[in-house]
Amino acid sequence: MTISPVVTTRDMSKDYCWISTQQARYEDDKYIITVEAGFDFDYASIPWWATWLLPKNGQEYDRGSFFHDALYASQALPKDESDNVFLAIMLFDNTNKYLAKGMYKAVDIGGHKAYYDTQDLEHYKNLVKVVRK
């Protein structure tokens, strides 16, 4: 597995929004995922009341959150495969295995609304590409 750095800048015009400033790439034995510069996202979807314990960003789950947000926004992979990529990246980036599995379970159970929100779907499809191996 190889994962490029995710380089972002804060979009001050929106509430808690970040924008990628460089192309990011993920590759494993199943996929090559490319996210073009200009993808806007909010890092991990942590409820506000839990951010004292699990910050939204600045953690070992940042790259997993970035690619997961990109896959959900573009629907480039089915939801279950997107969730599996999220877990794989977190484990690769040495996220505590219990935390990674807990975050995976949270999106597995509660991520349906976010995945099926098709607002700006065509825009995101232009920024996120998946090649199956």
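Tutor: Start with a crossing. This is a predicted model. The crossing of H1 and H2 is right-handed.

Student: At what angle do H1 and H2 pack?

Tutor: About 165 degrees, with the axes 8 Å apart. H1 covers residues 62-74 and H2 covers residues 79-92. Angles over 145 degrees count as roughly antiparallel, so H1 is roughly antiparallel to H2.

Student: Which residues meet in this contact?

Tutor: From H1, they include Phe67, His68, Leu71 and Tyr72. From H2, they include Val85, Phe86, Ile89 and Phe92. By type, the residues of the contact are 7 nonpolar, 4 polar and 3 charged.

Student: Now cores. What is the general idea?

Tutor: In soluble globular proteins, nonpolar side chains tend to be buried together. Here the largest nonpolar core has 21 residues. Tyr26, Ile33, Val35, Phe39, Phe66, Phe67 and Val85 touch the most other members. S4, S5, H1, H2 and H5 each supply at least two residues. H1 gives the most, with 5. Another core, of 10 residues, lies apart from it; Tyr72, Leu87, Met90 and Ala100 are among them.

Student: What does Phe67 contact beyond its neighbours within four places in sequence?

Tutor: Ile3, Val6, Ala24, Arg25, Tyr26, Ile33, Val35 and Ile89.

Student: Is Thr34 buried or exposed?

Tutor: Read the relative accessible area. Under 20% counts as buried. Thr34 has 14%, so Thr34 is buried. Thr34 lies in strand S5, residues 31-35. Leaving out residues up to four places away in sequence, Thr34 touches Gln23, Ala24, Arg25, Leu127, Val128 and Lys129.

Notes:
Residues numbered from 1 in each chain as written. Predicted model: local features only at pLDDT ≥ 70, side-chain atom pairs only at ≥ 80, totals over all residues. Heavy atoms only, no water. Axes fitted to C-alpha atoms, helices over the stretch in contact; angles between N-to-C directions. Helix = DSSP H or I, 4+ residues; strand = E, 2+ residues; numbered from the N terminus. Parallel < 35°, antiparallel > 145°, perpendicular 65-115°, else oblique. Left-handed = near helix turned anticlockwise from the far one by under 90°. Contact = heavy atoms within 4.5 Å. Nonpolar A, V, L, I, M, F, W, Y, C, P; charged D, E, K, R; others polar. Buried < 20%, exposed > 50% of the residue type's maximum accessible area, 1.4 Å probe, protein only. Core = buried A, V, L, I, M, F, W, Y, C linked by side-chain atoms within 4.5 Å.
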